Amino acid sequence: MLMSPKTSDPLLHSVTNYWNKRAASYSEANQEELASIKRAVWQNLLLSHAPDNKPLKVLDIGTGPGFFAIIMAQSGHTVTAVDVTVSMLEQAKSNAEHYNVDINFIESDVHDLPFDEHSFDLVITRNVTWNLKKPDEAYQEWYRVLKKGGRLINFDANWYLHLFDGTYKAGFEQDRKNTALQGIADHYVNTDTVAMAEIAGELPLSRIQRPQWDATTLLNIGFTQCLIDLTIGERVWDLDEKINYGSTPMFMIVAKK
């Protein structure tokens, strides 16, 4: 989903291949979000933390099927969206066409963006940084393409810390029991959890308590402010998601250049 397709690195190839296979099902989930109240909830959240100048030049990092890109384009902003997974970009283009919005989709490695310095007012991303082999370098690159006064809004979670931390492992296992007790779909059943766990085991952010690491890294890079919200899932997740991911809350980081 995020790495260069031309790389010979086996780990990066595995990540890209995994997300290529999941593109269709991931797109279905995004389509459900776009057709529900979640679209307005996410849209209002992003706009509440965006710079005041309008229209904004927005960059959606690791766009996947285009959810963030579409809702920002619907808000009247100029949107560029990048992803390296071809299948994801195909889904994103189809979804954008369905909603009749104009988005500039570009196949690109998020560590090495094809844009000049100070190109964007706002960089947005969701569930991307945990996939990265060199997240510190990616953050540096995103800082580079932001204008002075621009903002980065990143949503993520400690998705695979349960592989390395006993407390998180117990919480993860309890989440699985809770989904069964509540009679709801377990989001880990319909995905290739074995393949993803093997990949996640080699990715650096799977072992690190976040977002503390992110805040330190962003401030060291040069961001002047860093806001963290550890309860953002309460606003954007539905009940099924809250039960599925109860031990792994989503966090939001808003960093200003």
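The model is predicted, with local features needing pLDDT of at least 70, side-chain atom pairs counting only at pLDDT 80 or more, and totals for chains, interfaces and linings using all residues. Residues are numbered from 1 along each chain as its sequence is written, and side-chain values use heavy atoms, with hydrogens and water left out.

Start with the helix pair. Helices α2 (residues 38-49) and α3 (residues 67-74) pack at about 75 degrees, and their axes sit 10 Å apart. Here helices (H or I, at least four residues) and strands (E, at least two) are DSSP runs numbered from the N terminus; axes are lines fitted to C-alpha atoms, for helices over the stretch in contact, with angles running from 0 to 180 degrees between N-to-C directions. That makes α2 roughly perpendicular to α3, a label for angles of 65 to 115 degrees (under 35 is roughly parallel, over 145 roughly antiparallel, the rest oblique). On the α2 side, K38, R39, W42, Q43, L46 and L47 meet F67, F68, I71, M72 and Q74 of α3, contact meaning heavy atoms within 4.5 Å. These residues split into seven nonpolar, two polar and two charged.

W42 turns up again in the largest nonpolar core, which has 48 residues; W42, I103 and F155 have the most contacts inside it. Such a core is a set of buried Ala, Val, Leu, Ile, Met, Phe, Trp, Tyr and Cys residues joined through side-chain atoms within 4.5 Å, where buried is under 20% relative accessible area, exposed is over 50% and partly exposed is in between (1.4 Å probe, protein chains only). Helix α3 gives the most to this core, with seven residues. Leaving out residues up to four places away in sequence, I103 touches A69, I70, A73, V79, A81 and A96. A second, separate core of 23 residues includes F115, L146, I253 and A255.

Now for the charges: the whole structure holds nine salt bridges, each a side-chain nitrogen of Lys or Arg within 4 Å of a carboxyl oxygen of Asp or Glu. One of them joins E33 to R126, with the closest N and O atoms 3.0 Å apart. E33 lies in helix α1 (residues 10-34) and R126 in strand β4 (residues 120-126), so the pair ties together parts 93 residues apart in sequence. Both E33 and R126 are buried. R210 and D156 also form a salt bridge (2.9 Å, N to O), and R210 and D156 are buried too.

Conventions. Nonpolar A, V, L, I, M, F, W, Y, C, P; charged D, E, K, R; others polar.
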